[in-house]
Amino acid sequence: MLRFENIVKTFIQGETKTRALKGVSGSVHRGETVALCGPSGSGKSTLLNICGLLDMDYQGDLFFNNQKISKDLHLSTKIRRERIGFIFQRYNLIEAMTAFENVEYPLILSSQSKSERKQKVLSILEQVGLAGHEYKRPDQLSGGQQQRVAVARALVKRPALVIADEPTANLDTETATVVIDLMRELGATTQTTFLVATHDSRMTERCHRAIYLRDGLLVSKEIEHLEPQKFQKLTSGAKHAEHQIGMV
Amino acid sequence: MQSIKLAWYNILRNRRRSFFTILITIVATLVLLAGGGFGLYMYQGLEEESARDTGNLILTRSGYFELEEDYPLQYGISAYKDIQQQYLKDEQIKAVLPHVDFQGLISNGEKTAIFMGKGVEHGEFLAKGPFINFTDGRALSSEVESGSDPEILLASGLAKNLKVGVGDIVTLLSTTTENVMNAMDFKVKGIFSTGVPELEKRMIYTDVTSAQSLLDSDLVSSISIHLFDIKQTADKLEQIQTENTDVEVTPWWVRAFYYRDVKNLFDRIFALLGIIISLIVFLAISNTMGMTVMERTREIGTLAAMGTYRYEITRNFTLEGLMIGLIGTLSGILLTLGLIGLLNFANIEMPPPPGSTQGFPIAINFSLELTLLSSVLLTIICAVAAWLAARSGSRKPIVEALSYV
Ligand SMILES: Nc1ncnc2c1ncn2[C@@H]1O[C@H](COP(=O)(O)OP(=O)(O)OP(=O)(O)O)[C@@H](O)[C@H]1O
Ligand SMILES: [Mg+2]
């Protein structure tokens with residue numbers, strides 16, 4: 001589904017150059033949930049931004065379903081609008097919008113009819129356990145609730161890929177577990193591919209596999225399986241994930 | 001609809017700031033409308049005064065105002081009584097007043113001076129109201145007893161020069177249309193002040209008939225037509241010009257040099273005021289919208305990440321600016337209407353303007369044109385300022401915007 005080849009990213013700040021990614025290659029298959037792990041500063045966010053088409057200023061190639069992605073802003077915006085969902089560490093809900101409107105927004109962008117939107121939004125909000133909170137604004141919701149709205153927002157348009165940068169870092173253990181499970185459950189039924197940067201071992205445990213980054217390089221080709229039971233439960237309905245990862 | 005609701009909620013989000021931004025727009029609207037409305041009120045007063053002074057329409061032989069006459073009444077109008085008869089039937093016409101313009105020498109028997117004279121009908125004093133400021137004596141009588149001297153009014157400077165007062169006799173000397181000198185005695189009926197230094201030492205008024213006999217002619221220089229309603233000037237101009245092809249019809253504004261100068265000056269002052277106010281509003285809104293955009297950087301980043309095009313993002317901010325502009329100008333208009341009502345009610349007097357002895361009540365004219373122009377202008381300025389702020393704000397790379405704290 002998603003393949004990145006030889007990605008090199010250099011930040012230039014005045015005189016100093018930081019090579020955040022030094023040639024990373026890999027792939028994520030359809031329906032897979034992949035954790036992107038590594039110490040702080042290893043380049044996780046940088047790679048996610050590139051895979052999410054938020055950053056077009058890099059060297060190397062990015063493929064979606066074997067199609068090379070151009071680095072044009074307009075085209076990438078269109079792809080993001082239609083096929084990519086985002087979950088952020090700090091929820092990033094639109095303050096002026098209610099929970100309902102926040103979730104509805106991606107559907108407006110993909111010009112769905114009002115009745116269709118309403119039905120989808122109410123249903124997904126119920127699935128994330130926020131029935132009855134539809135008309136609250138972000139400042140009236142707790143962090144966990146906000147992140148659940150964000151999960152709903154990312155998934156409501158059934159994107160092919162969801163990019164999540166440390167989605168649970170701001171949440172307490174209990175809430176984090178809820179959010180992780182939600183992501184997995186909602187994603188599994190729709191064959192959504194997840195790429196999740198995380199420090200959170202609970203998160204990593206629940207992923208099909210993990211990629212490790214260190215100093216801008218992939219350090220392990222290891223595929224980390226979840227225990228078979230859990231794996232079965234969480235991927236029910238999902239296509240069997242392929243156990244391959246590209247060369248470093 | 002959705003975006004309007006969103007814009008409204010965003011305006012409410014930072015109430016204090018939005019309030020001040022709106023307040024600036026309100027004040028700007030008020031200043032433009034009240035200032036402009038007061039200007040219009042003054043223009044109206046000046047227009048009426050100018051039209052009353054010269055008559056709404058001035059009938060002359062063509063070229064009268066450009067050509068210099070070789071002898072008195074060379075370009076005069078004949079049979080003025082017929083014209084008078086013809087137009088007095090018109091219900092919209094208040095008065096038809098002939099004038100004889102002439103010059104010559106004036107003497108008290110010992111001393112001689114130059115005069116500029118105007119022969120007028122008694123009706124002049126009725127139709128035009130108090131256009132002359134008498135310092136002594138009274139206006140010309142409607143009819144002079146036969147056998148007695150015709151009457152004359154002297155400007156105070158001239159009367160002082162000749163050392164004459166009301167009841168004294170002066171002699172006017174002028175060339176007739178036949179190019180011979182003629183002299184007539186006049187009895188001083190009144191002394192007046194003009195406020196204009198050049199006229200103060202020269203101006204006299206007498207009746208049309210006496211002026212004509214001094215010049216030995218039955219022509220008049222011009223005929224002024226006074227209308228009841230100044231707004232009908234243009235229509236009447238066309239009508240009379242088509243009916244009377246052998247006279248030239250000049251509307252009051254062509255001869256209203258003072259009015260035009262004043263209007264020119266004030267037009268420029270108001271234009272400048274408009275520009276300054278527009279600029280202030282622009283800067284104020286740019287500033288607040290800039291702050292708003294800055295504060296919402298992460299939100300802009302989020303929207304952009306989700307695939308919102310830049311123009312869609314700027315559109316939302318522009319809508320906010322537009323709404324602030326609309327709220328501000330609408331409230332400004334309401335306040336101006338309130339102020340107009342208050343002034344009507346309170347009846348506050350302005351001190352007399354220079355050259356005048358009477359004060360006039362302060363008032364503000366409400367002009368739909370001015371209101372539309374100002375409010376559309378201010379609203380557009382608000383929207384443009386917001387658009388510019390949002391445009392530069394949404395230029396930030398998404399990743400940078402997302403990590404903005
Ligand atoms: N905008 C930037 N300008 C300059 N250097 C940057 C920028 N963003 C990231 N870097 C550098 O790139 C490297 C990778 O950063 P990145 O944010 O991808 O790390 P990370 O793995 O996400 O870390 P964390 O776990 O703390 O989020 C770091 O050395 C960082 O200092
Ligand atoms: Mg990071």
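In this predicted model, Ala79(B) sits in the loop between strand E1 (57–60) and helix H3 (80–88) of chain B. Its phi is near 50°, a positive value in a residue other than glycine. Chain A carries an open sheet of six strands and an open sheet of four strands. Chain A and chain B bury about 2200 Å² between them.

**Backbone with positive phi**

- Most residues other than glycine have a negative phi.
- Ala79(B), with its phi near 50°, is a positive case.
- Asn6(A) is a positive case too, with phi near 55°. This residue lies in strand E1 (residues 2–13) of chain A.

**The six-stranded sheet of chain A**

- The strand order is E6-E7-E8-E3-E9-E10, and the pairing is mixed.
- Strand E6 (84–87) and strand E10 (217–218) of chain A stand at the edges. Each has a single partner strand, so one side of each is left without a neighbour in the sheet.
- Strand E3 (residues 33–37) and strand E9 (residues 209–214) of chain A run parallel and are joined by four bridges.
- Within that pair, Ala35(A) has Ala210(A) in E9(A) as its bridge partner.
- Helix H1 (residues 44–51) of chain A lies across E3, E6, strand E7 (161–165), strand E8 (193–197) and E9 of chain A. Helix H1 of chain A runs at about 155° to E7(A).
- Helix H2 (residues 73–83) of chain A lies across E6 and E7 of chain A. Its angle to E6(A) is about 75°.

**The four-stranded sheet of chain A**

- Here the order is E2-E1-E4-E5, with antiparallel pairing.
- Strand E2 (16–28) and strand E5 (67–68) of chain A are the edge strands. Each has a single partner, so one side of each lacks a neighbour in the sheet.
- E1(A) and E2(A) run antiparallel, joined by ten bridges.
- One of the bridge pairs is Gln13(A) with Thr16(A), the latter in E2(A).
- H1(A) packs on this sheet as well, touching E1, E2 and strand E4 (59–64) of chain A. The direction of H1(A) makes about 120° with that of E1(A).

**The interface of chain A and chain B**

- The contact takes 25 residues from chain A and 23 residues from chain B.
- Of the buried area, 60% is on carbon and sulfur atoms.
- Two salt bridges cross the interface. In a salt bridge between the chains, the side chains of Arg81(A) and Glu312(B) meet at 2.8 Å, N to O.
- H2 and helix H3 (99–109) of chain A each supply at least two residues of the side of chain A that touches chain B.
- H3(A) gives the largest share of that side, six residues.

**Helices and salt bridges**

- Over all chains, the count comes to 20 salt bridges.
- Lys78(A) and Glu82(A) form a salt bridge through their side chains (3.1 Å, N to O).
- Both residues belong to helix H2 of chain A; because they are four residues apart, about one helical turn separates them.
- An α-helix has 3.6 residues a turn, so residues three or four places apart point the same way.
- Helix H12 (residues 310–346) of chain B has 37 residues. From first C-alpha to last, H12 of chain B reaches 53 Å, close to the 54 Å expected at 1.5 Å a residue.

How values were computed
Residues numbered from 1 in each chain as written. Chains lettered and ligands numbered in written order. Predicted model: local features only at pLDDT ≥ 70, side-chain atom pairs only at ≥ 80, totals over all residues. Heavy atoms only, no water. Pairing = 2+ DSSP bridges. Contact = heavy atoms within 4.5 Å. Axes fitted to C-alpha atoms, helices over the stretch in contact; angles between N-to-C directions. Expected span 1.5 Å × (residues − 1). Buried area = accessible area lost by both parts, 1.4 Å probe. Salt bridge = Lys/Arg side-chain N within 4 Å of Asp/Glu carboxyl O.
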